[in-house]
Amino acid sequence: MDVVLSNSLAQPRVTTALLGLFAALALVLAAVGLFGVVSYTATQRTHEVGIRMALGAQRGDVLRMILRQGLGLSIAGVILGLICALAVTRLLTHLVPSVQPGDPLTLTAVSALLLGVALLASFLPAWRATQVDPLVALRHE
């Protein structure tokens, strides 16, 4: 009986493992992509950050400004993802039978994970933007 049970669960187990692997890969790619976008836009705004800091902006203000940009993109993506997830979960119910479609705990946990990764991916470019010397940024133009 153990062999029959194991054979009947082999296909769903492999499918779930592959789905988890691809989800982890997608999370890493999303984090790297967001890091790249935020880093590029922070670099493009070096002159603006230099002016803001020369006029008295604190490092925390600059950090919040860059983080807000990265998290704004991520929040929009999470909202769009939640809408799509609610539409598609009914089709994927047979892959993960223990999770109900539209399960609030799962959707909240995944959204929190994605926003946490977005915060981490946006933090390094934001921190580097706070290290800009206003004189060097203004002279660079």
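I call a residue buried when its relative accessible area is under 20%, exposed when over 50%, and partly exposed in between, with a 1.4 Å probe and protein chains only.

**Ground rules.** The model is predicted, so I keep local features to pLDDT of at least 70 and side-chain atom pairs to pLDDT 80 or more, while totals for chains, interfaces and linings use all residues. Residues are numbered from 1 along each chain as its sequence is written, and side-chain values use heavy atoms, without hydrogens and water.

**Serine 122.** I looked this residue up first. Serine 122 is buried, because its relative accessible area is 0%. Serine 122 sits in helix 4. I take helices (H or I, at least four residues) and strands (E, at least two) as DSSP runs, numbered from the N terminus. Which residues does serine 122 touch, not counting those up to four places away in sequence? I find Leu34, Val38, Leu67, Gly70 and Leu71. A contact here means heavy atoms within 4.5 Å.

**Proline 134.** Next I checked helix 5, residues 134-140, where proline 134 lies. Proline 134 also counts as buried, with a relative accessible area of 19%. Leaving aside neighbours within four places in sequence, I list Gly50, Met53 and Ala54 as the contacts of proline 134.

**Whole chain.** I count five helices and zero strands. The order from the N terminus is α-α-α-α-α. The chain is more spread out than a compact globule, because its radius of gyration is 21 Å, well over the 14 Å that the globule rule gives for 141 residues. That radius is taken over C-alpha atoms, and the rule is 2.2 Å times the number of residues to the power 0.38. The C-alpha trace spans about 75 × 25 × 20 Å along its principal axes. I note that 19% of the 141 residues count as buried. Among contacts between residues at least 6 apart in sequence, 83% join residues at least 24 apart.

**Largest pocket.** I put its space at about 1200 Å³. Its lining has 35 residues, and the closest to the centre are Ala23, Ala85, Thr106, Val110 and Leu114. On a 1 Å grid over the protein atoms alone, a pocket is an open set of points where a 1.4 Å probe fits, with protein on both sides within 12 Å along at least five of seven lines; lining residues have an atom within 4 Å of a point. Grid points are joined across faces, edges and corners, and the volume is the space filled by probe spheres set on them. Which helix gives the most to the lining? Helix 3 does, with ten residues.
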